[in-house]
Amino acid sequence: MVEFTRRSLLGTAAALAAPALIRPAWAADTVKLGCLFSSSGTMANIEGRLNHVVRMAAEGLNAKGGVNGRRIEVVTSDPASDWPLYAQIGRQMLQQEKVAALFGCWTSVSRKSVLPVVEQNDGLLFYPLHFEGDENSKNIVYVNSPPASSVLPAVDYLMGAEGVGAKRFFMIGSDYVWPRTINKQLKAYWTSKGVPETAWREEYVPLGFSNFQTLVNQIRSFAAQPGGQPIVVLTVVGSSIPDFLREFANQGIRATDVPILGLDMVEADLEGLDTAPLVGHLNCWAYLQAAKAEANTRFLSEWAAYVKAKSVPFSADTVIDPMVSAYDSVQLWALAAAKAGSFDVPEVRKAFPGLSFADPSGYTLTMGAENNYVARGVFIGSVNEKQGFDILWQSPDAPKPVPFSPYG
Amino acid sequence: MSGAVDLSPRVPAVRRIGPALGSDPLLASLVVLVLAAALGLVLLQPAPYLVNMVGQLAAFAILAVSLDLVWGYLGILSLGHGLFFAIGGYVCAMHLLAHAYAVTGTAPDLMQFMGWKSLPAYWTGLTSAPYALVLALGLAAAVAFVFGLASFRSRVNGVYFSIISQALVYVAMLLMFRNDTGLGGNNGMTGFSVLFGWPMGSPGVVTGLAVAALLTLAGVLVGAKVLVASPIGRRMLACRDDEARLRTLGYSTTRLKLGIWCLSAVIAALAGLLYVPQVGIINPRVLSPDLSIEIAVWVAIGGMGRLGGAVIGAVAVNALKFWLSAAMPEAWPFILSGLVLAVVLGLPNGLLDLAALRLRPASLKPTSLKPTWLRRGGGLR
Amino acid sequence: MVEGVRRLGLVALLAWGASLMMPPALAADAPLERGPFAAALCGDGAAQTKAVEAFLHRAAEAEAAEIAWAGAALRALLDRRLACLGETALLLDRTGAAEGVEAATGTARPAAGGRSPVLGLRQRALVETASGAAALLTGPSVEARRAGLSILERRIGAVPEAFLLRAASAETDPGLRASLAAVAQSAALSSPDPARRLAAIRAVSEAPSGAAFSRLSALKTDAAYGSDPAFRSALDAALARVERAVSIGNGLAVLYNGLSFASILFMAAAGLAIIFGLMGVINLAQGEFIMIGAYATYGVQEVLRRLAPAWLDAYLLAAIPVAFLASAGVGIAIEALILRHLYRRPLMSLLATWAVSLFLINGVRVAVGSQNLQFAMPSYVSGGVPLYADFVVTWNRLFAIAFAVATLALTLVILKRTPLGLDIRAVTQNRDMAACLGIRTRRVDRLAFGFGSGLAGLAGVALCPIYSVNPGMGANFIVDSFMVVVLGGVGTVAGTLVAALGIGSANVLIEPLYGAVAAKVIVLAGIILFLQRRPEGLFAVRRRR
């Protein structure tokens, strides 16, 4: 019996020690990049595609001779939408695989989970999602926009004469940090603009909530009250988005009556919906598929070809902002490493200020010396009949990122 | 199953350890192995991520033992043990944050997004580790006591208890997901930078935590073994196999169940306490009903009703999960479900049955699977 | 009249837009010039706004042909069938067509390189209204004209009164003419003629809604409210009437929301109640049977799309037997392969069904993908109809309620009126005795398990128009539906029904007060407390023991 037990435990230990990540044979002339995107669990449908984008970007760089004379090798994994596992695998990638940089995380909580790991090991994490801001680690590059430089311009637009002259606001969000922080900043912003407190309402639902009847009733009665044009600021996430939109349309409200500004809404959320009664609702990102830029045309065709060649299990003709942001991340890292002439994190980090890259959105991304954020443009998209977004408005240039919001 | 051990209650607990372990060579060797692993970590200094993984596995094993104590020995399947694990975890996280705040002066994220100027009153004292320990274990015991008292007094049994405990952990999850609850909502708590004044993540702290978890595991195993080999352990088995008869014999089964239930909750909280500093994050996911079912799965796979089985199950499943979720992510859920079905259908005592096929069958006689619920009348009571 | 009331309900909802959209008095009374108008449609937001407002302002006098022409151009702009080559607007047959005709002249031209403008929200509202006005006046059929009117009603303040009068006098259909007159009447709230104002107040109060209340309350600041006692009393009476109606409407809405949530809960729990009551098996894979039912529905839709596109709209009905059989088949297979061996170990069967659910979720994920499935929503499950005040009956929820009622009836008939039902009830009450009497309990178990799984499959059909369908959809129902079963009392359909209604309405009642999260927490905590006191639930089946 002792025999058995010991053997089984030894076996386990052997399993633990075995190289646990998929990787081709190690070679001296390569440099490794690690991916932390889930391909199973709740985030799989949206996060999964980013693994492929990082690979595609690396292949593109390799085709041009790699970086600093070395080929890039991408190490992928599956944190299975399990937050502690992101930290676990991140640690393993930094310590065992010695990756030069990590690309990963979608939710704020997964980033918060990896943050101490990259700080303790002085690694580098490129984070491709927009988020609540109020964070600035020297070990994380925030490739997407904090709310102060993306959400506020969009809301400003809607409040202006060019938009709808919005006067009253119904905020509805999933109950967690991102929506709450956004709404907190919005309220402070409105207060600074002299909007009275009676002009907004704030409601939160649990994550994964789907029964929106009562809330949509409340929105209708809110809209019926006097006081000017109402809009809905929607910060629910995941499966709650289509469920909300469906109920909203079924109760007969159109975008011309009460427009929705869906801050986390992407094409994938419109899959399976009849978008005819939803035409005109808005979203807001640093990239939209319809962006008019040569780099975008190139990116779209490159992605379509990659999907076809590698039979990637995702749509060849849907590209969402985080995909482009992940692509930008790899390019920014490569530019910084080339500029530094090294893969050492402190050297690469020193190379960040002054980097610029013309990305598919048509804007030129830049990084400054004061923080690890990237300046991006702002797009406002408008839902069309074909489950996509048309560009309604875009910022004249890429606003300087403001990590710590002056509002709230 | 405990053979010829001297069970007399007069013998002091310490002197019962030897005989208790002697009656269960599997467990004894596991304890030795755990202690050897702790020593190995200190002497060999493997890569920190490996050390960390071993430490996490030890925390899971403690959690599995806590469930086995009530399920394997009392027949109460809790599908809400994640609640006690989370209580330990959350209190530990609060301590770490309060401590880090006191030492480094950097305000935790939590304060920032809650808009707090200082930590609220209920965090008072949490900078002290002993207080945090007492609070975590005491809170777990108190919650377990209230819930257990209500359930056991009204004789909520079997699957009813399982469902209700699942609902309890689900309610707790919803509650903790709420931002207004004040413990970080979905983001939970992270950014623990110091432990007893040392920087978190330094090799010494990582090893120290893992060793602490291993030693605790050894201690819990020995303690639990002594308990189940004692007269109380006998009563537990009797209660599992035929509660009504035990009651008729004059024993208060409510008191017995309540006591063991609270003890189990405390051990689960201990596991949470050890788990959180090692992973560096706590979030309401640990309260998801799925995780609580998974604990039962570990125990079932390892072999319920044998403390060693719980440890083996927890270690085997989690090690496999760590490994496969990176190596073969697509296959992992299928392997897990196949494993569960194979164990449930083919190996009623889990992986230990595999060992029994080859080794002395006498020492591994299956623990009783008497279908009391069916024999004692129609439905499932 | 009911017609009018209904549509006015819609208007009222949106009346806030009225004041914003009021066209400024424009001096230009020149006839519509096609070239500049088409060019303006291709211009920026300000140009579009100006041109369309001018068009609306003159629509009362313009020639019908001109209005029809402008209507076509506006419609094309809305549908993104307008391509702009510089300032020249082309009308296309469909979005992205290679060739079109010049809007102003009608000459054919290739559309390559054209840009199709995206309407801003403000412009979209205006263009919609203008194209509605064109449809009302020049629509070829009564339906087209009625549709035009219903668009106008949403933004009635932007429509000149003279235009409504012209439309009413030109209208040939008596029903539509009456509706038009009613709309025109209620549009006269700020008319200088006191008699017409009173009539307008009455008309508005006859279509009560929250928005009507706001519109009427705004009149309280009117000078006439202080000086004219007749106006004052008419307004006060109207306000009281609207307020009462609105609260009745809100009450109805709460009832309806509770009922629809309860019917979803009931459908998810009904099969579970039977399985649990009969066999004591906690089936954690029940949610996945719902998912299988939904995927079967999707399969039926795809088959119909290929083979009989004309019948596509009927796929939800055609899917009923398919979904039932698919889920029941999977259920029977699982029973035969796995659960049969575990009847003596209920806690192990719980783990086994958990493993099955894990397997099914991931199997479907690998086989079909993790994205939400695309359903074509037939008209009978999309949209809704305003019934009274602000109370809107949404068709998809009504479908679910009807489905739940049918499920209930089916379950009751099978349990009470068929030999199988008799066997199920006998085995549930006393397994040993039933076996002694010659009932093959194992066969009853299997059929009942199949039936219970099939009911979950039916729930899957009903949920397709309400929730997103993906591999993980079933997981959301498990805790809730077990609470329903245990609260109702194991083995009673009536108990399940009452519990579902109770939980559904409690959730809906608490939600507006404390928010959705707290509502769920309060309801579940309440159930846990209740069960601690009364473990057998609301209705306990009398069992022999």
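Here are some notes on chains A, B and C of this predicted model.

1. Chain C, overall. The secondary structure of chain C comes to 23 helices and six strands. Its C-alpha atoms fill a box of roughly 95 × 65 × 40 Å along the principal axes. Of its 545 residues, 54% count as buried. If you take the contacts in chain C with a separation of 6 or more, 71% are between residues 24 or more positions apart.

2. The α10/α13 pair in chain C. Have a look at helix α10 (residues 194-206) and helix α13 (residues 229-279) of chain C, whose axes come within 9 Å and cross at roughly 10°. With a crossing angle under 35 degrees, α10(C) therefore counts as roughly parallel to α13(C). On the α10(C) side the contact is made by C:Pro194, C:Leu198, C:Ile201, C:Arg202, C:Val204 and C:Ser205. From α13(C) come C:Phe231, C:Ala234, C:Leu235, C:Ala238, C:Arg241 and C:Val242. By class, that contact has nine nonpolar, one polar and two charged residues.

3. Helix α7 of chain C. This one covers residues 142-154, 13 residues in total. From first C-alpha to last, α7(C) reaches 19 Å, close to the 18 Å expected at 1.5 Å a residue. Which of its residues are buried? They are C:Arg145, C:Gly148, C:Leu149, C:Ile151, C:Leu152, C:Glu153 and C:Arg154. When reading that list, keep in mind that an α-helix has 3.6 residues a turn, so residues three or four places apart point the same way.

4. Where chain A touches chain C. The contact takes 47 residues from chain A and 50 residues from chain C. On the chain A side, the elements giving two or more residues are α2 (44-63), β7 (200-205), α7 (213-224), α8 (240-250) and β15 (389-394). Which element of chain A gives the most to this side? That is α7(A), with eight residues. Sorted by class, the side of chain A that touches chain C has 16 nonpolar, 22 polar and nine charged residues.

5. Chain B, overall. Chain B has 16 helices and four strands. Buried residues make up 58% of its 381 residues. Among contacts in chain B between residues at least 6 apart in sequence, 78% join residues at least 24 apart.

6. Two phi values to check. Most residues other than glycine have a negative phi. A:Ser81 has a phi near 55°, a positive value in a residue other than glycine. You'll find A:Ser81 in the loop between β2 (71-75) and α3 (83-97) of chain A. B:Phe196 also goes positive, with phi near 50°. The place of B:Phe196 is in the loop between β2 (194-195) and β3 (198-199) of chain B.

7. Surroundings of those two residues. Is A:Ser81 buried or exposed? A:Ser81 is buried, because 20 other C-beta atoms lie within 10 Å, and the cut-off for buried is 20 or more. B:Phe196, on the other hand, has 9 other C-beta atoms within 10 Å and so is exposed, the cut-off there being 12 or fewer.

Definitions and conventions
Residues numbered from 1 in each chain as written. Chains lettered and ligands numbered in written order. Predicted model: local features only at pLDDT ≥ 70, side-chain atom pairs only at ≥ 80, totals over all residues. Contact = placed C-beta atoms within 7 Å. Nonpolar A, V, L, I, M, F, W, Y, C, P; charged D, E, K, R; others polar. Expected span 1.5 Å × (residues − 1). Axes fitted to C-alpha atoms, helices over the stretch in contact; angles between N-to-C directions. Parallel < 35°, antiparallel > 145°, perpendicular 65-115°, else oblique.
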